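Hello,

Here is the structure we spoke about handing over. My notes on it follow below.

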Amino acid sequence: MPNQAELLPGTLDLLILKAVSLGPQHGYGILLRIEQISGQTLSIEQGALYPALYRLDRQNLLETEWGISDNNRRAKYYRLTKEGVKRLKAETQSWNRSVSAVAAALGARPEEA
């Protein structure tokens, strides 16, 4: 699809933490939220999402509780822990530094080299 962007290695956890920081959400809801906040340009496969959620939960960055989804089904809801909030902040700062550095490099002109 022409509007789809490639998910860069190492960004899935950051995107999940950001999506969950906007409010508790179940797994499929996290997929939809990432699509929504990325302007429909990022799409996460369920086969990648659920292992990442399990990993983030094991790292104590997410906590879970069972609830009922919008379609009246039992679902596991995820929310950030205090450690998750700290990690999101640190990872966001690191990501923004990387983006700025790459943007500066890509904007270089021959006379600046």
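**Salt bridges**

The side chains of R55 and D13 form a salt bridge, with an N to O distance of 2.5 Å. R55 sits in helix α3 and D13 in helix α1, so this pair ties together parts that are 42 residues apart in sequence. R55 counts as partly exposed, at 30% relative accessibility. Please keep in mind that this is a predicted model.

A search of the whole structure gives four salt bridges. Another of them joins E65 and R79, also listed at 2.5 Å, N to O. Here E65 belongs to strand β2 (residues 62-68) and R79 to strand β3, so the pair ties together parts that are 14 residues apart in sequence. E65 is partly exposed at 41% relative accessibility, and R79 is partly exposed at 31%. E63, E65 and R79 are linked in a network of salt bridges.

K86 and E83 also meet through their side chains in a salt bridge, at 3.6 Å, N to O. Both are in helix α4 (residues 82-106), three residues apart, which means that about one helical turn separates them. K86 counts as exposed, with 55% relative accessibility, while E83 is partly exposed, with a relative accessible area of 39%.

**A buried arginine**

What does R33 do for a charge partner? R33 is buried and has no salt bridge. The nearest side chain of opposite charge is D70, 8.8 Å away; a salt bridge would need the nitrogen and the carboxyl oxygen within 4 Å. R33 is in helix α2, and its side chain reaches the backbone oxygen of A19 at 2.8 Å. Not counting residues up to four places away in sequence, R33 touches A19, V20, L22, G23, P24 and Q25.

**Core**

The largest nonpolar core has 21 residues, and I16, I30, I34 and L62 touch the most other members. Two or more residues each come from α1 (12-21), α2 (27-37), α3 (46-58) and β3 (74-80). The largest share, seven residues, is from α1.

With neighbours within four places in sequence left aside, I30 is in contact with I16, A19, V20, Q25, L49, L53 and Y78.

**H26**

H26 is in strand β1 (residues 25-26). H26 is buried, because its relative accessible area is 14% and the cut-off for buried is under 20%. Leaving aside neighbours within four places in sequence, H26 is in contact with S69, A75, K76, Y77 and Y78.

Regards

Conventions: Residues are numbered from 1 along each chain as its sequence is written. This is a predicted model: local features need pLDDT of at least 70, side-chain atom pairs count only at pLDDT 80 or more; totals for chains, interfaces and linings use all residues. Side-chain values use heavy atoms; hydrogens and water are left out. A nonpolar core is a set of buried Ala, Val, Leu, Ile, Met, Phe, Trp, Tyr and Cys residues joined through side-chain atoms within 4.5 Å. Buried means under 20% relative accessible area, exposed over 50%, partly exposed in between (1.4 Å probe, protein chains only). Helices (H or I, at least four residues) and strands (E, at least two) are DSSP runs, numbered from the N terminus. Contact means heavy atoms within 4.5 Å. Lys and Arg count as positive and Asp and Glu as negative; His and the chain ends are not counted. A polar contact is a pair of N or O atoms within 3.5 Å; within protein, one must be able to donate a hydrogen and the other to accept it, and residues adjacent in sequence count only if both atoms are side-chain atoms.
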